[in-house]
Amino acid sequence: MQLVIVESPAKAKTIEKYLGKDYRVLASYGHVRDLPPKDGSVNPDEGFAMEWEPYADKAKQLKAIADEAKKADRLILATDPDREGEAISWHVQELLAKKKALPAQVERVTFNAITKKAVTEAMERPRGLDTDLIDAYRARRALDYLVGFTLSPVLWRKLPGAKSAGRVQSVALRLIVEREREIEGFTAQEYWSVTADLEQDGTGFQARLVKWKGDKLDRLSIGNEGDAMAAKKAVEEGRFSVVSVETKPATRNPPPPFTTSTLQQEAARKLGFSASHTMRIAQALYEDGAITYMRTDGVQMDGGAIQDARRAVAERYDGSYVPDKPRMYQTKAKNAQEAHEAIRPTDFSKDCAGSGDHARLYDLIFKRALASQMASARMERTTIELEDATGQHGLRATGQVVLFPGYLALYEEGRDDSEDEDARRLPKMSEGATPAKKAVNAEQHFTQPPPRFSEASLVKRLEELGIGRPSTYASIIQVLKDRAYVRVEKNRFFAEESGRLLTAFLERFFERYVSYDFTAGLEEELDDVSGGRAAWQAVLDAFWKDFRPRTDEVMEQKPSDITAELDKFLEPYLFPKQADGSDPRRCPACGDGRLALRGGRFGAFVACSNYPECKFTRRFAQPGGEGSEDSGPESLGKDPETGLEVERKSGRFGPYIQLGEGKEAKRASIPKDLPGELDLEMALKLLSLPRTIGNHPETGQPIEAAIGRYGPYLKHDGKYARLGSTMEVFETGMNAAVVKLAEAADKGGRGRGAAREPLKTFGTHPTSGGEMKLMEGRYGPYVTDGTTNATLPKTADPATLTAEEAAKLIDERAAKGPAKGKKKASAKKKPAAKKAPAKKAAKKVAGD
């Protein structure tokens, strides 16, 4: 018997169909072990020795693999054809060796597509494990571990509110923060454009003023309304005739097939997919055998695939759309060893696959790959110059005509920011023609700041700088979102104040390690390891000998000294120069105190030097300047029972109210849906929550109304019901509460925990479309999409669980099939002595 190991059950199922009865295919469900999250997992003093630990939730799967391996004559490691795939195979081999379950013959096979031909041919060409790729994996994993476990404690102690920093994620965050700074520092410049609406032989077109008073104009030449009106008048009074018509042929060649990064960019532009969602869908298409491997830097296609594509073009269009010679593309990847074939369909006769998002992404991949083997588009670009009788004023009209669409008949690449203004069609004209003037327009414009990054433009910029690798971009971006260092609005990244502060800290104290050149250079060194051109321990040693002393140096500094340095570093942003020349640090509340950056429990903020006499504060991300002042805490009055002051304040999570001071103070967030202005009466009501409505008439247990993380709700005997607004918390009576709780229980319909308030929500599941939630269950926390429940592994921290991890857990649980049948089978065992094992089995299934 021959045992084949792959990553996923879907891949295992597909491959098993292609192999004979002598083969047994099992899935490892991704990585089977990792560096445990504790000090000492990587030991720089012993040649960067690593202590690996199997995942606790993979014990069942590892046992199944070991049991089959003991019976096998040959072990075939068939994980993905990249660095991570090589590492998974290595981990499996190492674990089986420790268990003394390793067959005598161990071989590695790779294939770029899960088709019968690709799989069977790969089986005939086995090889050994690639030690260079494994060393590159170890180097990257050790490096990320050392940065995280060395730098994060510095952040926790010296920069309150910071959660973590990473070797690549922090550099990606710096890009977003720097763009934010560019936008804030941008000064808009006024300019005007003057255009004429003309007509020739019944066809209208537009011409732009490019010469005025004998001087050539650029975009910013006309900078005020007075000049614009004078220029407009000159065009209105002039009689313009054509002085030249220049027509130039142009050719547009198709773009190459997708790489990982270009797929992420185009899916973001055209489909609105996040990078992580794109990769999940592409992974599923690959495992279904629909596309080739989706983690690649290569743009080349297999020779047979090129011929298939050319035939498909001829069948879909005609011979004129097929170029004379096959198109050959060259990869720009610096590391050729990891530059696999481009992403393409495995079968060019199949123009659709899957449904929903799977079908949409496949359609994009299919069209891009097919278009890459189509004829070029032929165009004709025309420029018409017109002048008035004096020759002092000139107009220009530009246009473009598509003579032959070529590949554009199927596919046109998207753009992040469209700037094509020459796509207009112009009428036929010759020198001396005098088109009729219909109207003259003068329009005011203002220069615009650079646009914020979208996922597509951020991925493109990271790739341009050589930072990270395309297969890691999705996880990098997801971490920035999960850590709340950035937020996404209308598909654009905005830097949050925590992200800005972290970036400032790293720029000030670890400038080298967030510099673009250093990070890109380190990536090249790691590529040299995978290419066999560098030793992995030497690369780590060169990094560590400088990084470790720097972190020790920063750790020795007092938090107050750190804050003082950040205050100086951020002065241009926090305290910009005032237009009237006044001191930007003067406290607007007391008038004689000076503002400075301070560190607090929940992060940094700006405060007055006269505290506690002056309690003026301002959020860190609220720069100074006109209109930005915050009056500080606002007194709403005194609590008649305690005599303590009730104040309205602004905190890290928005406005809140506080009763009293210090550790004994009571606080409550201010809901956004409160009607009218917040007064003392409403503030005291919010501070008094939760409100006990009374005891339930059936159970005798109290019913409470309160406001939680996800809004207002009712609670009774561990069950919850949502309320529609904040005011319902104070207005809902016993009868209405009983009805709402009953309706919530009926709507849940899945037992005791159905109406519980989720601990956390993650958005919709990429495949099922159900809302993913983190819930507290009978056997501990679990994630659900409304259809599949997956218990969290004991090694997982519910507080840091990401949406991507939640989706993976749900997918893995769904792939194992429903557990209901197993539970029912156990329940049928009548003897009392056998009921206990049945419960144990059910619990084990729930934790898969």
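Predicted model: local features only at pLDDT ≥ 70, side-chain atom pairs only at ≥ 80, totals over all residues.
**View 1. The crossing of helices α8 and α9.** Helix α8, which spans residues 260-271, and helix α9, which spans residues 275-287, have axes that come within 9 Å and cross at roughly 115°, which makes α8 roughly perpendicular to α9. The crossing in which α8 passes α9 is right-handed. On the α8 side the contact is formed by Thr260, Leu263, Gln264 and Ala267, and these meet Ala275, Thr278, Met279 and Ala282 of α9. Sorted by class, the contact of α8 with α9 comprises five nonpolar and three polar residues, with no charged residues.

**View 2. The surroundings of histidine 393.** Histidine 393 is placed in the loop between strands β13 (377-387) and β14 (394-404), and with a relative accessible area of 13% histidine 393 counts as buried, because that value falls under 20%. The side chain of histidine 393 reaches the backbone nitrogen of lysine 213 at 3.2 Å. Leaving aside residues up to four places away in sequence, histidine 393 touches Lys211, Trp212, Lys213, Ala234, Phe240, Leu386, Glu387 and Asp388.

**View 3. The surroundings of threonine 784.** Threonine 784 belongs to strand β31, residues 780-784, and is buried, its relative accessible area being 10%. A polar atom of the threonine 784 side chain lies 3.0 Å from the backbone nitrogen of glycine 786, while the side chains of threonine 784 and asparagine 789 make a polar contact at 2.7 Å.

Methods
Residues numbered from 1 in each chain as written. Heavy atoms only, no water. Axes fitted to C-alpha atoms, helices over the stretch in contact; angles between N-to-C directions. Helix = DSSP H or I, 4+ residues; strand = E, 2+ residues; numbered from the N terminus. Parallel < 35°, antiparallel > 145°, perpendicular 65-115°, else oblique. Left-handed = near helix turned anticlockwise from the far one by under 90°. Contact = heavy atoms within 4.5 Å. Nonpolar A, V, L, I, M, F, W, Y, C, P; charged D, E, K, R; others polar. Buried < 20%, exposed > 50% of the residue type's maximum accessible area, 1.4 Å probe, protein only. Polar contact = N/O pair within 3.5 Å; in protein donor to acceptor, adjacent residues only side chain to side chain.
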